[in-house]
Protein chains: 2
Amino acid sequence: MENLLDGIEDILLMGPGPSCVHDKVYEALGKKSIGHLDPYFIRIMDAIKADLRTLLNTENTLTIPMSGTGSSGMEACFVNLVEKDDPVLVLINGVFGMRMQDVAQRLGATVDTLEFEWGTPVVVDAVKTKIAQKHYKIVAVVHAETSTGVKNPVAEIGALLKGSDTIYLVDAVTSLGGMEIDMDAWGIDAIYSGTQKCLSCPPGLAPLSFSNKAVAALENRKTKVPNWYLDLSLIMKYWKGATRAYHHTAPINMHYGLYQALQLILEEGPDNVYRRHLHFHHELVKGLEALGLSMLVAPASRLPMLNSVRVPEGVDEAAVRSTLLREYKIEIGAGLGPLAGKIWRIGLMGHTARQENVTRLLTALKANLF
Amino acid sequence: MENLLDGIEDILLMGPGPSCVHDKVYEALGKKSIGHLDPYFIRIMDAIKADLRTLLNTENTLTIPMSGTGSSGMEACFVNLVEKDDPVLVLINGVFGMRMQDVAQRLGATVDTLEFEWGTPVVVDAVKTKIAQKHYKIVAVVHAETSTGVKNPVAEIGALLKGSDTIYLVDAVTSLGGMEIDMDAWGIDAIYSGTQKCLSCPPGLAPLSFSNKAVAALENRKTKVPNWYLDLSLIMKYWKGATRAYHHTAPINMHYGLYQALQLILEEGPDNVYRRHLHFHHELVKGLEALGLSMLVAPASRLPMLNSVRVPEGVDEAAVRSTLLREYKIEIGAGLGPLAGKIWRIGLMGHTARQENVTRLLTALKANLF
């Protein structure tokens with residue numbers, strides 16, 4: 001019988017995620033499965049919780065990976081915190097802000113939005129004005145907007161909300177592991193991420209953390225969480241305490257992968273990892289500009305790990321991506337929504353952010369564009 | 001830095017799942033990640049769909065793995081099919097029937113139940129009477145009740161519902177890959193499973209299939225699915241058609257594992273696999289009875305892959321499990337709910353269902369109990 005797995009090629013993953021994975025993480029994924037209630041697995045769970053707290057700069061007890069991809073983290077944050085008719089403000093400047101709006105509306109929230117041009121950041125003063133006009137239970141924003149390459153001013157928005165009872169909810173899918181996140185200092189109450197971006201682990205888990213304020217909101221709900229699978233009040237009983245209650249079977253081997261990916265980041269040192277992302281981002285931008293290409297986002301708001309480049313006039317962007325993938329074994333991403341056809345999205349996430357990858361992509365682009 | 005992964009032991013997994021994993025599946029998990037929109041990954045997705053259809057004996061187009069563990073499959077079936085106040089009948093004779101009730105109630109369904117003693121099967125005549133009294137949008141039952149080791153009469157209940165517009169929803173978490181499932185012939189409209197039982201892949205994905213009737217119910221909803229992450233109307237656009245629309249990033253490496261696990265079953269031949277389960281189930285029961293132990297479930301309703309054994313009077317069941325795990329490197333499961341402390345649950349799932357494992361467990365039990 002033909003086995004398709006034998007034909008998997010070694011692709012340099014420079015799209016918007018998944019990113020390149022260290023061999024040690026692949027090895028981790030293939031370690032022997034043990035039971036989800038095995039005391040040794042619980043030690044691994046506890047280590048993952050501690051490592052996530054370190055990386056997020058938080059003391060939050062409820063800091064765990066959810067059993068799904070990054071989007072399940074978004075779903076989990078909203079479904080645990082939103083009750084029908086709750087007023088929610090979503091700050092939107094890309095696909096993932098729009099997704100937050102959709103998720104919250106489906107759950108019955110009354111969602112207001114503030115929208116900003118795709119490719120530009122959220123304007124803090126606009127948020128200040130909006131929250132002065134109306135009280136929101138939740139204010140939600142994407143830290144690193146993967147669809148545009150824009151970094152939003154998460155710390156500054158957090159400063160506006162300090163002292164209020166509003167829950168501050170942040171999407172850190174693409175930022176975690178690639179740039180500083182200071183959850184407690186920035187006043188973030190609920191955060192989620194994914195494994196397949198700067199953590200450089202294959203997709204499948206969604207790290208999540210809730211502050212005491214968010215946990216209190218969960219505990220004071222008038223109605224049950226309308227999602228058994230993602231109900232954190234049940235899941236907590238599996239992830240903390242002396243005796244662990246079975247909720248659902250945790251994705252054992254994915255946890256091995258995440259554990260190893262976190263170890264690699266902590267061994268290199270988070271600050272060194274962030275500097276490495278920034279350094280190769282600058283190298284990449286320099287190289288792209290030397291090829292005559294221009295970046296979508298203004299320098300002050302650029303993400304190091306997601307570089308959006310304008311497609312030059314007259315170039316068939318899909319053909320370039322296809323050639324890069326087929327002939328050069330390099331994957332880059334297309335634009336989404338209003339930016340479809342207009343930009344490429346080049347990822348420098350986690351293990352991908354290295355000199356040889358930058359050089360290889362620039363060489364391939366040069367050969368194909370000119 | 002200490003690496004906990006170095007201390008993972010090779011445990012014989014004879015609990016209620018996860019089960020033992022074939023080396024080829026571990027290898028598959030560690031293959032290089034490629035992009036979730038890479039044409040080669042789409043080939044792998046298509047092969048998984050085809051293999052799942054073969055194993056389920058269905059022609060359903062919508063036959064895919066959900067990006068979560070088995071319980072996310074349960075959540076997905078209900079959240080896509082239930083709207084507020086929909087009448088739902090759940091047949092309950094264990095933990096997983098109770099979970100279905102909880103899931104459906106959280107989604108606003110009006111849930112009626114028929115309950116049967118744990119350790120005994122659903123009685124078909126009782127279902128017949130119940131559905132004659134009231135029209136249900138959904139009738140739901142667990143095929144293999146993992147909490148008790150009981151096989152429910154899924155084909156017979158399906159026969160009662162034939163020709164009606166009721167959606168027949170079946171939990172096949174523990175049955176798929178270990179016993180015959182004839183989805184189309186039995187009239188099942190919505191089914192879900194998990195990878196970590198008889199498919200012998202680590203946990204992390206939930207195979208799911210919807211009949212045309214179930215898809216029509218989804219398409220005719222009056223309200224959006226109140227769960228963006230599990231909305232099958234969106235997910236279908238990623239899993240079928242000539243162009244695939246990004247929904248969420250699929251758990252790439254978990255799909256490699258599932259692909260390989262399905263290949264192993266199809267290579268051995270599903271009927272051979274089911275016979276192997278049944279054969280070693282009989283061997284195990286014979287051995288347990290020779291030790292003076294007795295089974296919870298009557299022979300006609302016993303599952304081959306989940307064997308519930310009564311704990312003998314005066315035996316500390318937790319101490320036995322702990323000794324088996326620590327000294328013999330064998331995991332077996334405890335009882336749940338009303339059966340806690342009263343039974344052990346011994347899994348013979350997928351790759352675990354082999355002579356050497358039966359022998360090793362019986363030897364260890366003998367040494368510890370007598």
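## Exercises on a predicted two-chain model

**Exercise 1.** In this predicted model, find the bridge partner of Ala190(B) in E10(B). Then describe how strands E9 and E10 of chain B pair.

*Solution.* Start with the residue. Ala190(B) has Phe210(B) as its bridge partner in E10(B). Now take the strands. E9 of chain B covers residues 190-192, and E10 of chain B covers residues 206-210. They pair in the antiparallel sense, over 3 bridges.

**Exercise 2.** Give the strand order of the open sheet in chain B. Which strands stand at the edges?

*Solution.* Write out the order: E2-E10-E9-E8-E5-E3-E4, 7 strands with mixed pairing. Next, look at the edges. Strand E2 (63-66) and strand E4 (110-115) of chain B each have a single partner strand, so one side of each lacks a neighbour in the sheet. From one strand to the next, it averages 20 degrees.

**Exercise 3.** Describe the side of chain A that touches chain B.

*Solution.* Count first. On chain A, 64 residues are in contact with 64 residues of chain B. Then list the elements of chain A that give two or more residues: helices H1 (23-29), H2 (39-56), H3 (70-81), H4 (95-106) and H9 (252-268). H9(A) supplies the largest share, 8 residues. Sort this side by residue type: 30 nonpolar, 21 polar and 13 charged.

Technical notes:
Residues are numbered from 1 along each chain as its sequence is written. Chains are lettered from A and ligands numbered from 1 in the order in which they are written. This is a predicted model: local features need pLDDT of at least 70, side-chain atom pairs count only at pLDDT 80 or more; totals for chains, interfaces and linings use all residues. Two strands pair if DSSP finds at least two bridges between them. Helices (H or I, at least four residues) and strands (E, at least two) are DSSP runs, numbered from the N terminus. Axes are lines fitted to C-alpha atoms, for helices over the stretch in contact, and angles run from 0 to 180 degrees between N-to-C directions. Two residues are in contact if their C-beta atoms, placed from the backbone, lie within 7 Å. Ala, Val, Leu, Ile, Met, Phe, Trp, Tyr, Cys and Pro count as nonpolar, Asp, Glu, Lys and Arg as charged, and the others, Gly among them, as polar.
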